[in-house]
Amino acid sequence: MATIPLTEKISWIGVNDFETELFEALWPIPQGISYNSYLIRDDKTALIDAVKRNFSDDFMMSLESTLAGKALDYLVINHIEPDHSGAIAPLAGRYPKMCIVGNEKTISLLKGFYNIANPVKIITENEKISLGRHTFEFFMTPMAHWPETMMTYERTTQTLFSGDVFGGFGTLPGGIFDDEVDIEALTPEIRRYFSNVIGKYCLPVQKAIEKIKPLPIKILASTHGPVYREAPQRIINLYSGWSRQETKPGAVIAYASMYGHTEKMAEAVGQGLTENGVKETQIFNVSKTHASFILSEIWVHKALVLGSCTYNGKIFPLMNGLLELLENTGLHGRSLGLFGSFSWSASPLSRLKDFSQKGPWKLISPCPEAKCAPADDVLKACYTLGQNLAKDMLSPNSKQ
Ligand SMILES: Cc1cc2nc3c(=O)[nH]c(=O)nc-3n(C[C@H](O)[C@H](O)[C@H](O)COP(=O)(O)O)c2cc1C
Ligand SMILES: [Fe+2]
Ligand SMILES: [Fe+2]
């Protein structure tokens with residue numbers, strides 16, 4: 001997958017990363033990820049974003065063969081996170097006259113990360129750079145994902161280079177276009193990328209989507225995942241809904257349990273939910289399923305239930321990890337159920353309730369608590385919690 005044309009003069013020259021275990025050293029990527037870079041060859045030539053440093057060799061080979069002897073005039077940096085800028089050192093070494101284009105924040109970060117002497121051009125909103133027939137316009141989209149983030153639009157081909165926005169996890173399976181891959185099959189990994197990596201920045205993403213609304217878009221080319229040319233609006237709509245934190249009916253129960261007692265409580269809540277009409281109920285053991293996957297399910301479902309045992313005087317560490325992730329993303333507006341178990345001191349419910357007070361959650365009662373094994377009345381209370389969540393979700397007054 002060295003070079004793939006988007007138009008006569010625009011080429012994808014990205015790479016597939018099958019190697020990295022954890023994206024951002026945090027998120028598992030069993031299906032990998034792609035770093036998409038784009039080359040435009042006109043009177044002048046320009047590269048838009050690059051790739052992670054480890055992939056520089058393959059990337060430089062594709063670039064040189066696609067340039068076919070031409071010089072590289074510009075590198076436009078839409079986003080300087082090192083998964084896109086890591087290859088800058090070899091680029092600068094090979095093309096010392098290449099002009100690096102970015103906004104003021106980009107260039108300040110460029111100087112912080114890389115010690116290179118190439119010329120720079122600082123651009124502002126709506127400024128234009130002409131390559132000949134092709135002309136770039138720039139749209140600042142700060143904090144969608146970093147402060148310097150921007151998008152580049154090429155009007156003659158109606159191509160939007162959108163940076164991380166509209167990206168996803170998952171390598172490109174040979175084809176790169178939405179009409180030649182199974183986009184439905186790729187969507188869970190795209191949503192997981194959104195919820196894990198971009199979800200913290202919902203408002204900036206919404207602002208970015210508003211800003212690009214007037215642009216006619218034939219090709220939507222982000223930095224990760226497929227290039228959209230059949231239905232760019234599909235991914236725009238998905239990102240729009242996810243960033244507005246829209247939910248559908250369904251419940252995610254996430255629990256931590258060492259010896260199965262808290263697990264029994266989780267099952268009782270699940271029974272209360274499903275027997276009262278919530279078919280889309282999922283139960284996750286936080287010790288088995290990485291929080292990355294749980295977060296992606298929580299993102300789109302109406303109810304969240306969290307249960308934990310106590311571990312050395314505190315809530316179980318992996319449940320605390322999930323809570324911290326949720327606190328970090330700022331996800332809110334879900335109906336929330338809580339339960340826990342302990343044996344001699346330190347109920348996990350204090351940390352869970354503390355969590356519930358940090359955001360606008362709708363806490364549904366009861367909050368069952370077991371001392372050692374859950375007695376019948378505790379399991380009944382768990383069932384009631386599930387039942388009350390179902391009633392809340394399915395009542396005609398329930399929002400979304
Ligand atoms: C390593 C370990 C540490 C524990 N620390 C505490 C504790 O500090 N306070 C407490 O009340 N219970 C503590 N417990 C007891 C469990 O939280 C309690 O038995 C709980 O019901 C276990 O639920 P589970 O069967 O779902 O793992 C600890 C248990 C283990 C195995
Ligand atoms: Fe990023
Ligand atoms: Fe990225």
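In the predicted model described here, P188, E189, R191, R192, F194, S195 and N196 of helix α5 meet S292, F293, L295, S296, E297, W299 and V300 of helix α9, where contact means heavy atoms within 4.5 Å. By class, this contact comprises six nonpolar, four polar and four charged residues, with Ala, Val, Leu, Ile, Met, Phe, Trp, Tyr, Cys and Pro counted as nonpolar, Asp, Glu, Lys and Arg as charged, and the others, Gly among them, as polar. Helix α5 spans residues 183-198 and helix α9 residues 291-300, and the two pack at an angle of about 90° with their axes 9 Å apart; axes are lines fitted to C-alpha atoms, for helices over the stretch in contact, and angles run from 0 to 180 degrees between N-to-C directions. The two helices α5 and α9 are therefore roughly perpendicular to each other, a term that covers angles of 65 to 115 degrees, whereas angles under 35 degrees count as roughly parallel, those over 145 as roughly antiparallel and the rest as oblique.

Because the model is predicted, local features need pLDDT of at least 70 and side-chain atom pairs count only at pLDDT 80 or more, while totals for chains, interfaces and linings use all residues. Residues are numbered from 1 along each chain as its sequence is written, chains are lettered from A and ligands numbered from 1 in the order in which they are written, and side-chain values use heavy atoms, with hydrogens and water left out.

The chain has twelve helices and 24 strands, these being DSSP runs numbered from the N terminus, with helices (H or I) of at least four residues and strands (E) of at least two. Its C-alpha atoms fill a box of roughly 75 × 45 × 35 Å, taken along the principal axes. Of the 400 residues of the chain, 58% count as buried, where buried means under 20% relative accessible area, exposed over 50% and partly exposed in between (1.4 Å probe, protein chains only). Among contacts between residues at least 6 apart in sequence, 71% join residues at least 24 apart.

Around ligand 1 there are 17 residues, of which the closest are S257, M258, T262, G313 and S345; a residue is near a molecule or strand if one of its heavy atoms lies within 4 Å of it. An oxygen atom of ligand 1 is 2.6 Å from an N or O atom in the side chain of T262, and an oxygen atom of the ligand is 2.7 Å from an N or O atom in the side chain of S343. A polar backbone atom of W344 is 2.9 Å from an oxygen atom of ligand 1.

Two buried polar residues were examined individually. S34 lies in strand β6, residues 33-35, and is buried, with a relative accessible area of 0%. The side chains of S34 and N36 are joined by a polar contact of 3.0 Å, that is, a pair of N or O atoms within 3.5 Å, of which, within protein, one must be able to donate a hydrogen and the other to accept it, residues adjacent in sequence counting only if both atoms are side-chain atoms. The side chain of S34 also reaches the backbone nitrogen of G225 at 2.9 Å. N103, in the loop between β10 (99-102) and α4 (104-113), counts as buried at 8% relative accessibility. Its side chain makes a polar contact of 2.8 Å with that of T106 and reaches the backbone oxygen of E148 at 2.8 Å. Not counting residues up to four places away in sequence, N103 touches I122, I123, M140, E148 and M150.

D73 occupies the loop between α1 (56-67) and β9 (74-76) and is partly exposed, with a relative accessible area of 22%. A polar atom of the D73 side chain lies 2.9 Å from the backbone nitrogen of T45.

Backbone geometry was also considered. Most residues other than glycine have a negative phi, and most peptide bonds are trans. Phi of E24 is near 55°, a positive value, and E24, in the loop between β4 (22-23) and β5 (27-28), counts as partly exposed at 35% relative accessibility. Phi of F166 is likewise positive, near 80°, but F166 counts as buried at 1% relative accessibility. A cis peptide bond, with omega about -5°, joins S365 and P366, and P366 lies in the loop between β23 (362-363) and β24 (369-371).
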